[in-house]
Amino acid sequence: MSDKIALSIKNLSKDFKLPHERKNSIKEWVLHFRKPTYEKLHALHDINFEVKKGEFFGIVGRNGSGKSTLLKIIGGIYQSTKGSVTVNGTLTPFIELGIGFNPELTGRENVFMNGAILGISRKEMKTKYKEIVDFAELDNFMDQKLKNYSSGMLVRLAFSIAIQAHNDILLIDEVLAVGDAAFQRKCFEVFKDIKKSGKTVIFVTHDMGAVQEFCDRAMMIEDSKVIAIGKPREVALRYEVANSAIANNASKKDGPASSARPKSKELELLNINAHSENSNLTSIEGGKDIIVDIDFKVHELTEPIQLNLFIVKPDGTYLAGLNTNVEFGKYIPKKGSHRISCRVKADQLVKGYYFVNIGAYTYAEPARLIDVLDISFGAKVPKITILESSPNQNGEFYMRGNWSEESK
Amino acid sequence: MKIKSRLTNITSKRNRSLISEMVRSDFKLRYQGSVLGYLWSLLRPLVMFGVLYIVFTKVIKVGGSIPYYPSYLLLGLVLWTFFVESTTSGMNAIVGRGDLIRKVNIPKYIIVISTTASAFVNFSINMIVVIIFMRLGNVPLNWQIIFVPIFIVELVIFSLAISFLLSALYVKFRDFSHIWEVFLQILFYATPIIYSLSIVPSRLIKIMSINPLTQIFQDIRSLMITPETLTTKEVFGSQIGRLIPILIVLSLVLVATIYFKRSSQKFAEEL
């Protein structure tokens with residue numbers, strides 16, 4: 001292995017054997033001597049990646065994707081089923097903050113205990129003790145039992161100890177989830193220092209802001225596999241898109257509109273496609289137009305309809321819609337296949353990702369939904385990217401307007 | 001597969017500070033909030049001693065024939081208390097520290113060793129009480145007392161081996177807490193703690209002498225209290241006799257090490 005690599009993971013797989021009936025006593029073991037039945041759970045499947053020395057490497061993924069298992073294998077807590085993990089250097093695992101904290105002991109006593117777990121001897125700890133207490137801002141509480149601490153105080157203390165462990169590689173698992181804003185800012189400062197000092201950091205998080213701010217590279221795990229690895233920005237966006245699509249599905253399932261895409265004998269929306277006005281790219285420069293083509297098939301129509309094109313944000317927010325009423329009026333397409341197009345002026349969309357959806361409704365009031373291609377129903381709809389053109393403003397949409405000064 | 005991490009060959013300095021912190025916090029936790037504090041761990045063997053002493057010298061006169069019976073009995077009880085304490089807390093070591101094992105890769109054996117170390121600190125203080133007691137009872141001091149540490153080391157190794165084996169088994173089978181409790185009760189009477197080995201029927205005496213605890217207790221008593229104590233060496237009439245319990249200890253060490261090493265890799269998942 002090259003000296004420049006801090007961590008190398010090759011063909012790593014991890015299966016958990018979940019016994020159908022856990023045998024925790026000899027009686028059970030003797031009485032049911034038949035072969036125990038297992039359910040194999042593939043927590044990780046064929047993971048390959050390398051982390052270079054001095055790199056700040058982010059790992060993102062939804063709950064249950066396998067990222068914590070991966071971290072535990074890197075930290076040596078779990079053994080892998082297949083493959084190899086090579087760690088080049090000493091390693092501080094922050095799988096969780098405050099490992100070994102005992103609520104019955106005082107803050108001071110816990111500092112020494114936790115330090116010993118992280119590899120800091122009592123003698124070393126005595127010299128660092130003041131620094132830890134100052135950083136945690138817990139001067140008056142060190143002789144209190146830990147059980148009297150608030151959760152924020154606990155995290156502050158734990159974090160302050162953890163950053164004292166000086167090893168080559170740091171494994172950090174979502175430690176920034178707690179603590180007030182002021183302390184979080186302090187933690188970020190520490191992360192910046194760690195990054196500057198050239199240590200290798202492997203950082204598991206849900207906070208895409210942190211990923212983009214600190215990481216040199218990032219990786220996304222889903223369903224036990226690596227599905228993206230590369231620039232933090234790309235991985236973060238991919239994560240957000242995947243997350244919002246699933247969140248939408250989940251929320252729609254709970255809601256009253258739990259029915260999946262309605263199936264109608266009247267009309268079927270087949271396909272929706274979006275691209276920029278002079279190419280097939282789905283990346284659109286701000287201010288340029290988006291061309292949306294819609295294919296649908298009419299089976300049996302007895303009343304006029306309207307089609308509504310609508311744009312949603314990755315988090316599912318309905319931004320705007322545009323229907324066919326002005327151009328087509330009481331639209332009654334003939335039986336058979338149709339293709340219609342819509343030119344959308346996208347100059348008010350700010351930088352980011354959007355989904356373009358289409359719905360068909362009856363013209364009558366109130367409108368009845370006939371068919372819809374909606375990302376929330378898991379439909380295949382185009383995702384468009386608006387590239388920034390005007391850096392002069394931010395927010396939810398581009399506000400039109402201009403300034404002037406009256407001369408007096 | 002192997003994790004060629006330097007995490008595994010942590011310097012002993014780190015392990016030492018881990019053990020010392022664990023023993024320290026264990027002590028603080030145990031005596032926290034009690035007025036008498038440490039005295040309680042002294043009181044337990046002393047009360048037991050008082051009861052047994054009255055029963056065996058006044059009610060059933062078993063102890064009468066043993067020279068310096070009070071010291072003989074107290075020493076036996078203190079040694080026994082150490083064995084019970086280290087093996088019971090050793091058995092609970094891994095399961096009890098499950099939160100730690102699931103989150104950080106520290107050498108698992110450190111946890112077991114720290115429980116025995118805790119018990120040993122208690123034992124050392126109890127031994128001081130025994131020595132004071134011996135002075136009060138005018139037990140003649142024998143120069144051979146310098147050999148006592150050898151047998152204490154044997155006792156510690158024996159207790160550690162059992163702790164390793166039980167702690168690993170206890171992760172898989174929670175029955176062992178009950179099994180061990182019952183086994184300790186049997187062992188208490190199968191080992192000459194309250195009575196003298198010489199009153200045991202001769203056909204049983206050899207079987208009982210194979211028990212490493214019998215060998216250790218009798219050897220220590222023979223060195224500290226009175227050379228009249230019947231040791232395993234004397235039962236078998238040669239040094240070979242002493243080898244049997246020592247071999248039992250050594251083979252237990254071997255089995256425990258192999259089993260613990262093999263199962264410790266899966267502790268984090270099974271806990």
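Visitor: How much of chain A is buried?
Guide: Buried residues account for 35% of the 408 residues in chain A. Keep in mind that this is a predicted model.

Visitor: And how many helices and strands does chain A have?
Guide: Chain A has nine helices and 18 strands. Of the contacts in chain A between residues at least 6 apart in sequence, 73% join residues at least 24 apart.

Visitor: Which domains does the assignment give for chain A?
Guide: Domain 1 covers 5–244 and domain 2 covers 267–387, according to the domain assignment. Their centres, taken over C-alpha atoms, are 44 Å apart.

Visitor: OK, cores. Which residues have the most contacts inside the largest nonpolar core?
Guide: Those are Ala158(A), Ile202(A), Phe203(A), Leu75(B) and Leu79(B), in a core of 125 residues. Helix H3 of chain B (residues 69–96) gives the most to this core, with 14 residues. Apart from it there's another core, of 28 residues, including Phe296(A), Phe355(A), Ile358(A) and Ile375(A).

Visitor: Back to Ala158(A): what does it touch?
Guide: Leaving out residues up to four places away in sequence, Ala158(A) touches Leu97(A), Gly98(A), Phe101(A) and Asn114(A).

Visitor: Where does helix H4 of chain A bend?
Guide: At Lys128(A), by about 50 degrees; the helix spans residues 122–136. Just after H4(A), Glu137(A) takes a positive phi of about 55 degrees.

Visitor: Which residues of H4(A) are buried, then?
Guide: Met125(A), Ile132(A), Phe135(A) and Ala136(A) are buried. Helix H3 (107–117) and helix H5 (151–162) of chain A are among what covers the buried residues of H4(A).

Visitor: Switching to the contact: how many residues does it take from chain A and from chain B?
Guide: It takes 34 residues from chain A and 27 residues from chain B. On chain A's side, the elements giving two or more residues are strand S4 (82–87), strand S5 (91–94) and H3 of chain A.

Visitor: What's that side of chain A like by class?
Guide: The side of chain A that touches chain B has 15 nonpolar, 15 polar and four charged residues.

Visitor: I want to check backbone angles too. What's the phi of Asp46(A)?
Guide: It's near 50 degrees, a positive value in a residue other than glycine. Asp46(A) sits in strand S2 of chain A (residues 38–52).

Visitor: Why does Asp46(A) count as partly exposed?
Guide: Because Asp46(A) has 14 other C-beta atoms within 10 Å, and the partly exposed class falls between the exposed limit of 12 or fewer and the buried limit of 20 or more.

Visitor: What about Asn138(B), buried or exposed?
Guide: Asn138(B) is exposed, with 8 other C-beta atoms within 10 Å. Its phi is positive as well, about 55 degrees, although Asn138(B) is not a glycine. You'll find Asn138(B) in the loop between helix H5 (108–136) and helix H6 (148–172) of chain B.

Visitor: Last topic, confidence. What's the mean pLDDT of chain B?
Guide: It's 86, and 95% of chain B's residues reach 70 or more. Among the elements of chain B, helix H2 (residues 39–59) has the lowest mean pLDDT (81), and H6(B) has the highest (95).

Visitor: Where is the pLDDT of chain B below 50?
Guide: Over residues 1–11 of chain B; this stretch has 19 contacts in the model beyond near neighbours in sequence.

Visitor: And what does the predictor give for the complex?
Guide: An ipTM of 0.79 and a pTM of 0.71.

Key. Residues numbered from 1 in each chain as written. Chains lettered and ligands numbered in written order. Predicted model: local features only at pLDDT ≥ 70, side-chain atom pairs only at ≥ 80, totals over all residues. Bend = angle between axes of the 7 residues up to and from the residue. Helix = DSSP H or I, 4+ residues; strand = E, 2+ residues; numbered from the N terminus. Contact = placed C-beta atoms within 7 Å. Core = buried A, V, L, I, M, F, W, Y, C linked by C-beta atoms within 7 Å. Domains from an automatic or database assignment. Nonpolar A, V, L, I, M, F, W, Y, C, P; charged D, E, K, R; others polar. pLDDT = per-residue confidence, 0-100.
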